[in-house]
Amino acid sequence: MRPFLVISFLVLSRSATLAQQPPPRPINVYVNPAQGLVFGAFYQGVTGGTVIMTPDGSRSSTGDIVLANLGFPFSPAIYEIDANQGTLITILNGPDVTLTGSNGGTIRLHIGTARPTSPFITTAVPPAMTQVTIGGTLTIGPPLSNPSGSYNGTFSVTFIQQ
């Protein structure tokens, strides 16, 4: 008897769907003009202190600053990010800025933390946008250096797509 050779083939068939995400596209950042970084009304004592605005919209003070509820709004800055879902973004705060008072004087503004914290991954599916809120801290001196009035200025925040 001669040995014989058996060759068998097993053919498997399966379908596959590629899970490739869309190609990267530049992000667009929109500033909500109705929701800037606003600290509201407050009174200062003899020595001054700070007013802190958190990204979640709460505010607090240190030193002899008294927060006033006189109907003046207070809020973190709000940005809206238009990006592909899953885009990694890092926030880079600009330097401290000097705000100029309507009755003289200057106040220092330090840009604070963001929500979501940096770096973050966008979760909104376009056309929806990912909302980012950013707080800050005002450093206020005594009344002679920082008289009552409105203080204004411009700060920079950079959103880096990775």
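Is Ala83 buried or exposed? Ala83 is buried, with a relative accessible area of 3%. The structure discussed here is a predicted model. Its protein chain contains 11 strands and zero helices, and 31% of its 162 residues count as buried.

**Overall architecture**

- From the N terminus on, the elements of the protein chain follow the order β-β-β-β-β-β-β-β-β-β-β.
- Among contacts between residues at least 6 apart in sequence, 72% join residues at least 24 apart.
- The protein chain has an accessible surface of about 10,600 Å², and carbon and sulfur atoms account for 59% of that area.

**Surroundings of Ala83**

- Ala83 is located in the loop between E4 and E5.
- With neighbours within four places in sequence left aside, Ala83 is in contact with Arg25, Ile27, Thr122, Ala124 and Pro126.
- Ala83 and Pro127 are 44 residues apart along the chain, and their C-alpha atoms are separated by 8.9 Å.
- The relative accessible area of Ala83, 3%, falls under the 20% limit for a buried residue.

**Salt bridge between Arg25 and Asp82**

- The whole structure holds two salt bridges.
- One of them joins the side chains of Arg25 and Asp82, at 3.2 Å from N to O.
- Arg25 belongs to the segment before strand E1 (28-31) and Asp82 to strand E4, so this pair ties together parts that are 57 residues apart in sequence.
- Asp82 is buried, at a relative accessible area of 14%, whereas Arg25 is partly exposed at 27%.
- Arg25 is also one of the residues in contact with Ala83.

**Salt bridge between Asp96 and Arg108**

- The side chains of Asp96 and Arg108 form a salt bridge at 3.1 Å, N to O.
- This pair links distant parts of the chain, 12 residues apart: Asp96 is in the loop between strand E5 (88-93) and strand E6 (97-101), and Arg108 is in strand E7 (residues 106-115).
- Asp96 is partly exposed, with a relative accessible area of 35%.
- Arg108 likewise counts as partly exposed, at 43% relative accessibility.

- Thr106 is a residue of strand E7 and is partly exposed, with a relative accessible area of 44%.
- Thr106 and Ser145 are 39 residues apart in sequence, yet their C-alpha atoms are 7.3 Å apart in space.
- Asn103 lies in the loop between E6 and E7 and counts as exposed, at 53% relative accessibility.
- Not counting residues up to four places away in sequence, Asn103 touches Pro147, Ser148 and Gly149.
- Asn103 and Gly149 are 46 residues apart in sequence, with a C-alpha to C-alpha separation of 5.9 Å.

**Cis peptide bonds**

- Most peptide bonds are trans.
- The bond from Ser118 to Pro119 is cis, with omega near -5 degrees.
- Pro119 is found in the loop between E7 and strand E8 (120-121).
- A cis peptide bond also joins Pro126 and Pro127, with omega about 20 degrees.
- Pro127 is placed in the loop between E8 and strand E9 (130-140).
- Pro126, which takes part in this second bond, is among the residues in contact with Ala83.

**Nonpolar surface and aromatic rings**

- Tyr43, Val66, Leu70 and Phe72 make a nonpolar surface patch of about 440 Å².
- Leu70, one of the residues of this patch, is in the loop between strand E3 (59-68) and strand E4 (77-82).
- The charged end of Arg59 sits over the ring of Phe74, 4.2 Å from the ring centre.
- The count of aromatic pairs comes to one.

Conventions:
Residues numbered from 1 in each chain as written. Predicted model: local features only at pLDDT ≥ 70, side-chain atom pairs only at ≥ 80, totals over all residues. Heavy atoms only, no water. Helix = DSSP H or I, 4+ residues; strand = E, 2+ residues; numbered from the N terminus. Buried < 20%, exposed > 50% of the residue type's maximum accessible area, 1.4 Å probe, protein only. Contact = heavy atoms within 4.5 Å. Areas by Shrake-Rupley, 256 points an atom, 1.4 Å probe, with all protein chains shown as cover. Patch = residues over 30% accessible without salt bridge, like charges linked within 9 Å, V, L, I, M, F, W, Y side chains within 5 Å. Salt bridge = Lys/Arg side-chain N within 4 Å of Asp/Glu carboxyl O. Phe/Tyr/Trp six-rings, centres within 6.5 Å; stacked < 30°, edge-to-face > 60°. Lys NZ or Arg CZ within 6 Å of the ring centre and 35° of its normal.
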